[in-house]
Amino acid sequence: VKPDRRTRDKADRATTDNCLDQRSLRVMFKLLQQGVLTNIEGCISAGKEANVYYAISPEYGHLAIKVYMTSVMPFKNRDKYMIGDRRLRHGVGKRSWKKVSKWAEKEFRNLLRVAQAGIPAPKPIKLKGVVLLMTLIGEDADAAPKLKDVDSDDAELWHSLYWQVVGNLRTLYQQCRLVHGDLSEYNLLYNAGQVIWIDFSQSVEHEHPQTFAFLRADCRNVNAFFSRKPVRILSDQELFEFITDPTITVENCERCLAALQDVANGREQPPDVDGAFQGVHIPRRLEEVLHYERNALLLRQGKLTQHDLLFATVSGMSHDLKGPKRTAGLLSDSGDGDA
Ligand code: ADP
Ligand code: MG
């Protein structure tokens with residue numbers, strides 16, 4: 001007996017509201033049939049935008065399968081992340097299997113870049129439309145907890161975890177040329193003393209017009225979380241400047257990190273929440289700084305502070321705006337770098 005229209009509609013919707021659409025299911029069945037997977041064991045996470053399952057593969061071992069939802073609305077708001085990404089210039093505009101598979105593709109490619117740069121993250125294995133296979137983070141079959149669920153008051157541990165994140169924020173920006181865009185204790189996992197980075201579908205490249213706004217929000221989220229842990233943290237601005245400073249190199253990065261740790265640990269009080277920093281406009285390039293000459297003058301007259309001049313670090317200028325910085329500011333006595 002065929003279900004009548006009303007009940008059939010209801011049944012269809014039930015499968016798409018909190019579960020997978022027909023096409024994703026067919027992809028999963030095919031992966032089982034082909035023997036890529038021997039077993040899909042269960043659900044690790046059921047989110048609004050994706051479900052993540054745990055599966056076993058004879059070839060790759062324990063896997064996480066991320067299946068993007070094609071039937072929910074949040075994707076509507078995601079166009080803002082796609083602007084300026086050359087790789088994804090087609091297929092923006094309507095929500096569909098095709099469009100959602102662009103998101104999966106974006107995450108797959110970003111995961112490849114991230115793995116190449118040595119940032120701890122799942123290794124992408126296979127992509128079939130909206131179905132992404134990656135290595136499972138965890139001990140064997142046990143998926144690793146999110147950073148937010150790590151229950152410890154071990155100061156040494158939190159110190160290590162914070163500075164891992166700080167270093168990898170810079171690597172992600174400078175080497176992968178990416179900003180995560182949704183970084184928080186929800187998209188960082190904890191496994192065996194390491195912070196593992198996940199969920200790169202909304203990450204943006206440097207060309208994106210809002211790159212700095214996303215990076216600043218990432219810095220704020222990370223600092224807000226770690227400020228509740230037993231560790232001395234940087235201010236949002238110090239963190240942002242460390243990530244974007246073009247005068248820091250692969251060679252001097254370790255020394256800069258050590259200098260920053262001294263700054264953080266040497267303070268009597270933890271830094272204030274950087275409300276002002278979160279609000280200022282950060283120009284991308286020197287040409288964008290309309291009143292460059294005037295700023296330089298005001299700075300010499302003491303009417304502006306270096307804090308007002310964020311673009312100095314971002315653009316590679318010395319903080320007195322006299323010219324390009326020659327060494328990493330963090331490593332010089334004056335804190336300026338062109339001594
Ligand atoms: P979304 O937040 O868009 O739903 P995520 O990529 O953040 O998707 O995945 C949701 C959750 O699934 C994560 O918070 C994490 O707990 C789990 N998860 C995702 N990928 C993996 C993985 N490779 N290994 C272990 N757990 C994972
Ligand atoms: Mg997530």
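## Basis of the model

Residues are numbered from 1 along each chain as its sequence is written, chains are lettered from A and ligands numbered from 1 in the order in which they are written, and side-chain values use heavy atoms, with hydrogens and water left out. Because the model is predicted, local features need pLDDT of at least 70 and side-chain atom pairs count only at pLDDT 80 or more, whereas totals for chains, interfaces and linings use all residues.

## The protein as a whole

The protein has 11 helices and 11 strands, where helices (H or I, at least four residues) and strands (E, at least two) are DSSP runs numbered from the N terminus. Of its 339 residues, 48% are buried; here buried means under 20% relative accessible area, exposed means over 50%, and partly exposed lies in between, with a 1.4 Å probe and protein chains only.

The accessible surface of the protein comes to about 17500 Å², and 50% of that surface belongs to carbon and sulfur atoms; such areas come from the Shrake-Rupley method with a 1.4 Å probe, and for residues only the protein chains shown count as cover. Among the contacts with a separation of 6 or more, 63% are between residues 24 or more positions apart, a contact being heavy atoms within 4.5 Å.

## The surroundings of ligand 1

Ligand 1 is surrounded by 17 residues, of which Lys 66, Thr 135, Ile 137, Asn 187 and Asp 199 are the closest; a residue is near a molecule if one of its heavy atoms lies within 4 Å of it. This shell divides into 11 nonpolar, 3 polar and 3 charged residues, with Ala, Val, Leu, Ile, Met, Phe, Trp, Tyr, Cys and Pro counted as nonpolar, Asp, Glu, Lys and Arg as charged, and the others, Gly among them, as polar. At least two shell residues come from each of strand 1 (39-46), strand 2 (50-57), strand 3 (61-68) and strand 5 (131-135). Because domain 1 (18-143) and domain 2 (147-279) both give residues to the shell, ligand 1 lies between them; the domain bounds come from an automatic or database domain assignment.

Several polar contacts, meaning pairs of N or O atoms within 3.5 Å, can be named. An N or O atom in the side chain of Lys 66 is 2.7 Å from an oxygen atom of ligand 1, and an N or O atom in the side chain of Asn 187 is 3.0 Å from an oxygen atom of the ligand. On its own, ligand 1 has 540 Å² of accessible area, and the protein covers 90% of it.

## Two residues with positive phi

Most residues other than glycine have a negative phi. Asp 199 has a positive phi near 65° and is located in the loop between strand 10 and strand 11 (204-205); with a relative accessible area of 18%, Asp 199 is buried. Asp 140 also has a positive phi, near 50°, and belongs to the loop between strand 6 (138-139) and strand 7 (142-143), but Asp 140 counts as exposed at 58% relative accessibility.

## Buried residues and their contacts

His 180, in the loop between strand 8 (178-179) and strand 9 (188-191), is buried at 1% relative accessibility.

Val 165 belongs to helix 5 (residues 155-174) and is buried at 0% relative accessibility. Beyond four places in sequence, Val 165 touches Leu 188, Val 195, Trp 197, Val 222 and Phe 226, and the C-alpha atoms of Val 165 and Val 195 are 7.1 Å apart, although 30 residues separate the two in sequence.

## More open positions

Gln 194 is in strand 10 (residues 194-197) and is partly exposed, with a relative accessible area of 37%. Its C-alpha atom is 7.7 Å from that of Pro 120, which is 74 residues away along the chain. Asp 272, in the loop between helix 8 (253-266) and helix 9 (275-279), is exposed, with a relative accessible area of 65%.

Conventions
Polar contact = N/O pair within 3.5 Å; in protein donor to acceptor, adjacent residues only side chain to side chain.
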